[in-house]
Each structure stands twice: as C-alpha cells, then as structure tokens.
Amino acid sequence: MHADIQALRAALPNLPADKAEFARSLVDQFDRRGDLSPKQWPWVRRLAGTATPTAVAGDFAGIMRL
C-alpha cells in the first residue's frame, strides 16, 4: 500500500485545489499513523489515478426501444 501513497504524493501537484487538499490530508494521516482506514485506501487509489477502472455498461438502445 505504500506504493499507492507514493503515487498519490506524485499526483498532488496535478490535482485541482479541492481534491489536492483532501489528498494531502490522506498523505498526512498516513505519515502520522502509518496506515489508513479500509475506506480511505480506495480514495488514495482514485486520487492517484491508480484505481482499477470499473466496468462500462453496454449499449441500452435495445432496452430503450422496448
């Protein structure tokens, strides 16, 4: 998980101000405590741009015609 924090540190300068503030707080908390909660780790990955992409829904045109 340390690689995710390092990726987030590297991404900080490229994040918009509102997201950078939240990202910085996650990094600071990791530095203080040495870990984050299970609910915080997905945010680290998302903000760092290392999150696994979610599945994309297919074409619903046929359903819409029904």
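Against which helices do the buried residues of helix 3 pack? They pack against helix 1 and helix 2, contact meaning heavy atoms within 4.5 Å. This is a predicted model in which local features need pLDDT of at least 70 and side-chain atom pairs count only at pLDDT 80 or more, while totals for chains, interfaces and linings use all residues. Residues are numbered from 1 along each chain as its sequence is written, and side-chain values use heavy atoms, with hydrogens and water left out.

**Helix 3**

- Helices are DSSP runs (H or I, at least four residues), numbered from the N terminus.
- The buried residues of helix 3 are Trp-41, Val-44, Leu-47 and Ala-48, where buried means under 20% relative accessible area, exposed over 50% and partly exposed in between (1.4 Å probe, protein chains only).
- Seen down the helix axis, these buried residues fall within an arc of 130 degrees, so they line one face of helix 3; the arc is taken from the directions from the axis to the C-beta atoms.
- Gly-49 follows helix 3 and has a positive phi, near 80 degrees.

**Salt bridges**

- Two salt bridges are counted, each a side-chain nitrogen of Lys or Arg within 4 Å of a carboxyl oxygen of Asp or Glu.
- Arg-45 and Asp-4 form a salt bridge, with their closest N and O atoms 3.1 Å apart.
- Arg-45 lies in helix 3 (residues 41–48) and Asp-4 in helix 1 (residues 2–11), so this pair ties together parts 41 residues apart in sequence.
- Arg-45 is partly exposed at 23% relative accessible area, whereas Asp-4 is buried at 16%.
- A salt bridge also joins Asp-31 and Arg-9 (2.5 Å, N to O).
- Asp-31 in helix 2 (residues 17–33) and Arg-9 in helix 1 are 22 residues apart.

How values were computed. Helix = DSSP H or I, 4+ residues; strand = E, 2+ residues; numbered from the N terminus.
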